[in-house]
Amino acid sequence: MTHSNLHTVAEVSAMIESGRILLLAGDEALLAQLPPGSWIGGTTANFITEDGGITDRSRILVDDISDLVEAVHIRRYDREQLKDLAAHYPQNGFTSIIIPGFSEVHASFAREVQSYPGVFNSALVGWVSGVSVAEIGSRQPKCFAGNGQPIDNEAVVMHASISTDREVRLDIINLFVQGKGDAIEFDTDGFATSGDCRVNGEVANFAAYIFEKGIDTQLPLVADYNGAMINVSIRAVDPETETVEFYAPVFAGVKYRFAEPVSDYNHAFGVQMPAEKVGTDVAFSCNCILNYVYAGLEGKRTGSFTGPVTFGEIAYMLLNQTLVYLTVSPIAVDAGPLAPHAVESRIHA
Amino acid sequence: MIVPPVSHARWRDVASGRIHREWSLLATKILVTRIQRAVAQDQSPATLDRFVGEIHTFFVKNAQLAKADLVAIFA
C-alpha cells in the first residue's frame, strides 16, 4: 500500500528534484513553492492519514507512485479539451485527474464525463480540489500541473503507464445504501432543480417534499447503478424559492432514494473495507469533505485508507460522500472457471 | 481472451437493458447504466448501434479486468 504521508515543502521539493513521481495535496501557498517535476497537486486543508483525519496547512500530503508506474505524461485540459481525455489514456495504466472546485470545468465534467468518448476504457481516478470549510466562497480551490503555477479553470491530469504484468482496479466504498423510502426522479440533468420531480411517479416539488418528510439533508440521494451505489449530496434547500442544489448533478431517468442513516462511520468503514485490500496494493485513495464534516472524522481513522479530503471524488464520474481507491497489482495467474478458454467455450456453446 | 464480435446479439441485449444485472466491475456498472438510460430515451437503431459499439470497445479494451462481466453476458 502506498500510504499518504505529510511532508514539508523542503522534503517534497527534494523528492521532486530526485525524480520521484508524486500525487500531492495541500495548501496553495505550499504547492506554489514546489519546483518543476513529475507531479500534480490540488488544494485542500484536510487529510486522512494513518493517524486519522487531520487539518494541516504547514505540510503537503504525498502519494509517491514512482515504484508503481513506468512513465507519466502530465497535461492540462480546459472544458472543451476534456472531452478528448480518453484519447490520451495509457495503453495499460491509469489516469489521475484533479479538477478545481467550483470552476466551470468542474461543472461541465460532472455533467458530461459519462459521454466523453472512451472514458470508461481505462481507470480514471481523482478528486475535486477544495479549501477549508471556513474559506468556502472567499478562496478559490486550485490545482497544479507539475510546477508552482496555480490553476483555477482547467483540469490537471497525469496519465500513468504501468508494466504489462500489472493491472489497475478502481473501486469505491460507499457507506450509504438506498433507504426503503420513496423513489425520486428528475426530468432534467443538473446541479440544481427548480423543485420539479416525481415521487413514486407522482409530480411533486422536491424542496417541499424534503420539508414535509423532515428529511435529514446530510443523507445523500442514492441511485443504484447496476450494483454501484452512487450518491448525490444535498447542498442547499431554499424554502422560499422551493429550489434544491446538489454537490453533483442528478440525471434524468435515474431513480433515487434517500440513504439509510449511518450511525457509526468508523465502524461502517471497518465493515465495508475489503479485507483483502488492507495492507496490499492501494496506490491512491481519497474521501469526501462531507463525510469528514458530518461524521466528525478529524482525529479518527477510516481503516487503513489515507489520502486527501476532497470536494468531490472521481471514479470515472463525479461522486459525493464516497471513498475512492485505486489498486495496482500483479496480474493474477488465472486457472479458474473464468479463464479465457472457459469464456470462449461458453460463448460458442 | 477473445471477445465476441460486435454483431453478436448479446451486446444489443446489454445496451437495450434486456440483460439487466449487478455487474462486477465498477466501470461496467456505470457505463451500462448510462447506456441503458440513454437507450431508454432514444431507441432508434442508430443510437442502439452506437452504444453497442461503445460497449463492445469497452470489453475489447478491458477483456481481462472485465472477464467476470463478459462471462455473465455470454453465459
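Biologist: Before we start, what should I know about the numbering and the model?
Modeller: Residues count from 1 along each chain as its sequence is written, and chains are lettered from A in the order in which they are written. The model is predicted, so local features need pLDDT of at least 70, side-chain atom pairs count only at pLDDT 80 or more, and totals for chains, interfaces and linings use all residues.

Biologist: Okay, helix H3 of chain B. Which of its residues are buried?
Modeller: B:Thr47, B:Leu48, B:Phe51, B:Val52, B:Ile55, B:His56, B:Phe58 and B:Phe59. They sit on the same side of H3(B), because they cover an arc of only 165° around the axis. Buried means under 20% relative accessible area and exposed over 50%, with partly exposed in between (1.4 Å probe, protein chains only).

Biologist: And what's on the face turned away from that buried side?
Modeller: The exposed residues B:Ala46, B:Arg50 and B:Lys61.

Biologist: What covers the buried ones?
Modeller: The cover includes helix H1 (9-16), helix H2 (26-41) and helix H4 (67-74) of chain B.

Biologist: Switching topic: which residues lie nearest the centre of the largest pocket?
Modeller: A:Gln91, A:Asn92, A:Asn121, B:Lys61 and B:Asn62, out of 30 lining residues. A lining residue has an atom within 4 Å of a pocket point, on a 1 Å grid; a pocket is an open set of points where a 1.4 Å probe fits, with protein on both sides within 12 Å along at least five of seven lines.

Biologist: Where does the largest share of that lining come from?
Modeller: Strand S12 (166-173) of chain A, with 5 residues. H3 of chain B also supplies at least two.

Definitions and conventions
Side-chain values use heavy atoms; hydrogens and water are left out. Helices (H or I, at least four residues) and strands (E, at least two) are DSSP runs, numbered from the N terminus. The arc is that of the directions from the helix axis to the C-beta atoms. Contact means heavy atoms within 4.5 Å.
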